[in-house]
Amino acid sequence: MPSARRHFTRAVLLFSIAGLVLAAGLADAPRAGSAASQPAARQAADVPRTPWGDPDLQGMWLSTALAGVPFERPPELGTRAVLTAEELAARNAAAAARVRPRLVPAPGFGERRPAPPLASLIVDPADGRLPPMTDDGARRAEAWRTRAAPDYAHAGPEDLRPYDRCISRGVVGSTFPNIYSSAVWILQVPGLVILHHEMIHETRVIPLDGRPHIAPGIRQWMGDSRGRWEGATLVVETTNTNGRTGSYARNGNGNPTSTALRLVERMRLGDAGTLHYEVRVDDPQTWTRPWTVAFPLERDPDYLLFEYACHEANYALANILSAVRAAERGAGGR
């Protein structure tokens, strides 16, 4: 039955993604063998290729093993990006001691895997730590933290962050490793790459034909992504975000971004089971300099994708608001 459910889930996703592909303008995409696909085919002769000549990155890719890698590097490690075997063993043992028994019996969901010896997910700056924030960025980050405080009097749902409202995690929050829903499913058709993020079911249909970004006045939760091939590396540039998603650590649930955010992602195959992922975060309204996160993704063709049905069970939103109203009545309100 798990196998049948897996095939059914993927079939539903494929039908949904097909509709997005058509909406993105598949008819205008380069045809197989066109000039747009030839340079990538020539430069990527040493990697698997699609029938139309692009490097083939398709598959189910997981970051589950990275759940135990800290986002920022411990200061005592300085510029050392890799742990020793002893340090890795100690970190894994400490992580295992913190794990609580899972109530979800489904394979793959919340699964723990051996972590690589990365000292941090951040690789630039060289010390693996976030650069200083701008004054405006620090002000917005403090407001973000204040709104998450248990005693904050939320006037309505708009006061809560996108994370709490089940709206979106943004690009980085959908991509960064988490303790669950950490898969990205990559599909390709001529002229397009489709990234389906398990984290809150985001799907990005990314044109490769050199079309410009959408008008600057149009702002979206996941921004506007445009891709290109540099040899065997897929490069995706994302602009036009709405400045309302987070950028820090897991789930993007911290330190809001601004509308100046520009992301440059790079994806390339290592061996057959490894996809190297990197993203440069450039947001001059929030950070004093760009910073970069990089980590390997693990191929798992048997992984079971789960629907992120957040809204259906989001009792927290109603409970938070009803508790605030009750507190107001207790303080003399009606």
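User: Among contacts in the chain between residues at least 6 apart in sequence, what percentage join residues at least 24 apart?

Analyst: This is a predicted model, in which local features need pLDDT of at least 70 and side-chain atom pairs count only at pLDDT 80 or more, while totals for chains, interfaces and linings use all residues. Residues are numbered from 1 along each chain as its sequence is written, and side-chain values use heavy atoms, without hydrogens and water. A contact means heavy atoms within 4.5 Å. For pairs at least 6 apart in sequence, the share joining residues at least 24 apart is 64%.

User: What percentage of the 334 residues in the chain is buried?

Analyst: Buried means under 20% relative accessible area, exposed over 50%, and partly exposed in between (1.4 Å probe, protein chains only). Of the 334 residues, the buried share is 49%.

User: Why do the buried residues of H4 line one face of the helix?

Analyst: Helices are DSSP runs of H or I with at least four residues, numbered from the N terminus. In H4, Gly 137, Arg 140, Ala 141 and Trp 144 are buried. Seen down the helix axis, these buried residues line one face because the directions from the axis to their C-beta atoms fall within an arc of 105°.

User: Which exposed residues does H6 carry on the face turned away from its buried side?

Analyst: The buried residues of H6 are Leu 317, Leu 321 and Val 324. They fall within an arc of 55° seen down the axis, so they line one face of the helix. The face turned away from that buried side carries the exposed residues Tyr 315 and Gly 330.

Technical notes:
Helix = DSSP H or I, 4+ residues; strand = E, 2+ residues; numbered from the N terminus.
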